[in-house]
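Visitor: I like to know what stands behind each label in a structure. Could you walk me through this one?

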Amino acid sequence: MRRFIAIAMLCFSFALAQSGTLEIAVDQSPVGLDPHLVTAFSSFQVIGQIYEGLLEVNADLQLEPALAESFTVSSSGLSYTFDLRDGVAFHNGRALTSDDVVYSFERVMAEETGSPQASRFSQVATVVATDPDTVVFTLSEAFAPFLSNLPNLSIVPQEVVEANGDLQQVAVGTGPFMLAEVVPDTFTLLEANPNYYREGEPGVAALRYNVVPEASTRSAGLRTGSYHLMPVVDPATAETLRGASGITMLETQDLAYSLVGINTTRAPLTNSDVRRAINLAIDREEIVEAVYFGNAVPGGPLSPGLSDWALDISEYPCYQHAAAAAKALLAGVGAEGLELEILAFGTLQVVSDLAQVVQAQLNDAGFNATVNIEEFGTFVQRWRNSDFDVFVSLNGGNIDPDGYLNRTFHTGGSTNVFLYSDAQVDALLNAGPTNCSLYSAARLHALLDAGRTNTDFAARQDIYRQLQHLLACDGPIAHVAYGTLFTAHRDEVEGFQQIPTRGLRYLRNLTLR
């Protein structure tokens, strides 16, 4: 009887802790729900409430326990033993076990899955469930960023995957919220998980992601109270909301960046001189003012938010805007008037504005660029298929350099849609005043591999310093700017914190008053 009363009181206090539905205004619906397949932020902001990993990242970019209550590392540094939390169940009621961790890892790594997360775990040799509550990861060699990559390994139930083929239309995780309803292009509704293992969480009964494509409409709804939270506010809207009555504006340095991505298999973009010309044509300071309204900083391959790793852009000569020098490089390889289609999408104001400004800057420097604004799903498909000359977009960052650099630039990397490979890097040509570094393709990959396996901090800093010099000017991405990450919420929202990764784990902690 005593046990029944305790359980009843716990459930009663949990119900009291929850208050209503948090109305969230977003720009688009999720582009799939499978945590092992998706790449769009619109998907991650939903599935991040449904699925969890062994570890998670907090607002200070530090790792904290999630499904793993604790872990130990062997003296060799190659074996990591994780103890799972007691009392964790999937939304279908089945208890979480170490077999689910093994299955989730194997699914990510399976070639037929095609997971963009696979490159994060290529140094893992084996994953073994030693008992229902213990799982051991053994690495093939020392792998410094292993722990920082674990939040990206969402744990999923095998039976649900097998019953549905994938998880793009269904969602069964262990997280604080459960999928209740999806009305495409209208809303996605999540309901609180009544059996969530963290006592007193979540603090609201439901999350409704309202799809509102127009930023001005989202802003108006926040002002009137129709919406409680806008998780990512574009710079122009942030200016209009700053100081508005009843609204709190949060801001932090974003790890995400704007970019011009280059398909290195399409001549003459195979030539490093043409890629350097694109860099020289871009006026990053103008973009910061015109696109971000001053709420950004020009940046290279790593965010200035990663102060231990990122280099100052003064170290990249090709970042000095020089249209005449860009024209000269194009003329030198017979590419004057080069026609380029700039692939973009219109659901983010920053992206569509960036496309227009970059077009004008490229054309001033001797290119003949046009802009093609595609529907977001089409953009993602063309991006996956490397079906572009160049594209503009926003890419997310990572708390460890390897989490971004390796899967993006290594030959065969799981997000290397630029098809940047040994054959293409070997085609890099002559040095010049804008050439940041002359490394062979083999040297590039040696640096990437060394950066992953060298656990000495100073040595890793030197490795990534060299990589940034190489990639900033000769690589397949013209990095543009790192903006201020803005989040706006009504004053009745309490307990929410921003994370520079754009993660929304603190939705489970907030309450409405």
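This is a predicted model: local features need pLDDT of at least 70, side-chain atom pairs count only at pLDDT 80 or more; totals for chains, interfaces and linings use all residues.

Visitor: Why are helix 8 and helix 16 called roughly perpendicular?

Guide: Helix 8 (residues 272-281) and helix 16 (residues 457-474) pack at about 85 degrees, with axes 8 Å apart. Axes are lines fitted to C-alpha atoms, for helices over the stretch in contact, and angles run from 0 to 180 degrees between N-to-C directions. Angles under 35 degrees count as roughly parallel, over 145 as roughly antiparallel, 65 to 115 as roughly perpendicular and the rest as oblique. The two helices are therefore roughly perpendicular. Helices (H or I, at least four residues) and strands (E, at least two) are DSSP runs, numbered from the N terminus.

Visitor: Which residues of helix 8 and helix 16 meet?

Guide: Ser272, Arg275, Arg276 and Asn279 in helix 8 meet Ala472, Cys473 and Asp474 in helix 16, where contact means heavy atoms within 4.5 Å. This contact has two nonpolar, two polar and three charged residues. Ala, Val, Leu, Ile, Met, Phe, Trp, Tyr, Cys and Pro count as nonpolar, Asp, Glu, Lys and Arg as charged, and the others, Gly among them, as polar.

Visitor: What makes strand 4 and strand 6 edge strands?

Guide: The open sheet has four strands in the order 4-5-7-6, with antiparallel pairing. Strand 4 (68-73) and strand 6 (124-131) each have a single partner strand, so one side of each lacks a neighbour in the sheet.

Visitor: How do you know that strand 6 pairs with strand 7?

Guide: Two strands pair if DSSP finds at least two bridges between them. Six bridges join strand 6 to strand 7 (residues 134-139), so by that rule they pair. For Val127, the bridge partner in strand 7 is Phe137.

Visitor: Which residues does a cis peptide bond join?

Guide: One joins Glu201 and Pro202, with omega about -5 degrees; another joins Ala267 and Pro268, with omega about 0 degrees.

Terms used:
Residues are numbered from 1 along each chain as its sequence is written. Side-chain values use heavy atoms; hydrogens and water are left out.
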